[in-house]
Amino acid sequence: MYKAPRGAADILPGEQPWWRHIERTAADLCQRFAYRRIDTPIFESSALFHRSVGEATDIVEKETYTFDDRSGDSMTLRPEGTAAVCRAYLEHGMHVLPLPVRLYSLRAPMFRYDRPQAGRYRQFHQVNAEAIGDAGAAVDVEVIELAWRLFETLGLRNLSLLINSIGDPACRPAYLDALRAYYQGHLASLCGDCNKRYHTNPLRLLDCKKPTCQPFAQDAPRSADMLCEPCRDHWRQLQDGLRILSIPFAVEHRLVRGLDYYTRTVFEVQPPEEGGQSTLGGGGRYDGLIQQLGGNPTPAVGFACGIERLILNLKRQGIALPPESEAFAVVACMGDAARPVALKLAADLRRAGLRAVLAPSGKSLKAQMRYIGASGATHALILGDDELRQGVVAIKTLATGDQRLVPLADAPAAIAL
Ligand code: AMP
């Protein structure tokens, strides 16, 4: 028997209410923050991700799904959202719009060849928000506020917001030198990956998850202590802004995030449970990315959060879904004469905007009622000889067990109430 690929899941009908709830909440919130929706293709030229995310990042080195299409062009299934949105920003000349351009994506599939475990998949889905074209710390605050409100509105509790500043091209080189100097004496104690990172991507020495490497990160030089004047101002304004909005945060100097394009602000939101794969969402500023992709220098900031992880945490915290109040009518009938009337009644209900189906035909009324009980229906509509003669239908409200007779033509209104 075939199975879904490892690390890729079917989203079955029973799970969809969670997805709908998150998508509605995120869409409402993004609209309130004046973000406009964008959807980009699930694959792009491989070069886009290699150039933006960085050749020496885990994502590009080990995790991309890359293939040559039939014309021999190298394509990559999207491992993250920001590069594609920036590509679209440039391709469609959005720089002529009032800046910042605020964009969001919903249920955007992402693909990473990762080791699957709880909360970590090879195909997963994100909510993303990007604000492109404004260097001010107020926009960093806005993006973090948006992320924070999303978690808050969904009802998640005890989350931690971690922030850091990793500087910009003016101050980062001196910081990287200090980091290398610090780590040089410890290389023999570090894992193989960290020995590589030392040469290719020293920032990432700080977020190695191996217990043997972590103590070294604790005492490493801190980027926020080595910022140039403009980065220091920005860092201060970011923290002031979060305080004004009463968004609690902690400075985490080991937070660097895995992608090359970040400058200045980086942040993550963690649930109460420990563990690297538990991060609910994160983001940061990427002032150099658009220029790197061939555009004019354009500052930007954004965030992404995984929907599967949101659902996992909502369930872990015992948060119930808000009830979906939509009515659902199932029509049962007895006898040959009632069947065409039932067929028409179900169609009339749907035309009136309601959800309605017929119970399976050819079964006893008892079997039809059993089906209705198991179907999630809110109302059973019963048509027998007596009802037919009177031109009425018996409507049973399943939540209460109340039953009443209603003229056929009034059934849609009776159920919609
Ligand atoms: P990242 O781009 O790695 O910072 O990811 C942003 C968010 O996407 C994370 O905080 C997670 O919520 C989610 N995410 C990242 N990788 C995965 C994965 N392999 N499976 C499920 N969710 C993921």
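Which residues does the domain assignment of the protein chain give to domain 1, and which to domain 2? Domain 1 covers 16–171 + 227–316, and domain 2 covers 328–416. The model is predicted. The C-alpha centres of the two domains lie 49 Å apart. The points below take the ligand site, then the aromatic pairs, then backbone details.

- Domain 1 is assigned in two segments, 16–171 and 227–316.
- Domain 2 is assigned as 328–416.
- Proline 340 sits in helix H12, which spans residues 338–351.
- Proline 340 is partly exposed, because its relative accessibility is 49% and that class runs between 20% and 50%.

**Ligand shell**

- The side chain of arginine 257 places an N or O atom 2.7 Å from a ligand oxygen.
- The side chain of glutamine 126 places an N or O atom 2.9 Å from an oxygen of the ligand.
- Glycine 306 takes part through its backbone: a polar backbone atom lies 2.9 Å from a ligand oxygen.
- Taken alone, the ligand exposes 480 Å², and the protein buries 90% of that.

**Aromatic pairs**

- The whole structure contains 5 aromatic pairs.
- The rings of tyrosine 182 and tyrosine 183 form an edge-to-face pair, because their planes stand at 80 degrees and the cut-off for that class is over 60.
- The ring centres of tyrosine 182 and tyrosine 183 are 5.0 Å apart.
- Tyrosine 183 is buried, because its relative accessibility is 1% and the limit is under 20%.
- One aromatic cluster is formed by Tyr261, Tyr262 and Tyr286.

**Backbone: a cis peptide bond**

- Most residues other than glycine have a negative phi, and most peptide bonds are trans.
- Leucine 99 and proline 100 are joined by a cis peptide bond, with omega about 0 degrees.
- Proline 100 lies in a loop, with helix H4 (82–91) on one side and strand S5 (101–111) on the other.

**Backbone: positive phi**

- Arginine 107 is not a glycine, yet its phi is positive, at about 50 degrees.
- Arginine 107 belongs to strand S5.
- With a relative accessible area of 27%, arginine 107 is partly exposed.
- Arginine 264 also has a positive phi, near 55 degrees, and is a residue other than glycine.
- Arginine 264 belongs to strand S9, residues 263–270.
- Arginine 264 counts as buried, because its relative accessibility is 12% and the limit is under 20%.

Definitions and conventions:
Residues numbered from 1 in each chain as written. Predicted model: local features only at pLDDT ≥ 70, side-chain atom pairs only at ≥ 80, totals over all residues. Heavy atoms only, no water. Polar contact = N/O pair within 3.5 Å; in protein donor to acceptor, adjacent residues only side chain to side chain. Areas by Shrake-Rupley, 256 points an atom, 1.4 Å probe, with all protein chains shown as cover. Domains from an automatic or database assignment. Phe/Tyr/Trp six-rings, centres within 6.5 Å; stacked < 30°, edge-to-face > 60°. Buried < 20%, exposed > 50% of the residue type's maximum accessible area, 1.4 Å probe, protein only. Helix = DSSP H or I, 4+ residues; strand = E, 2+ residues; numbered from the N terminus.
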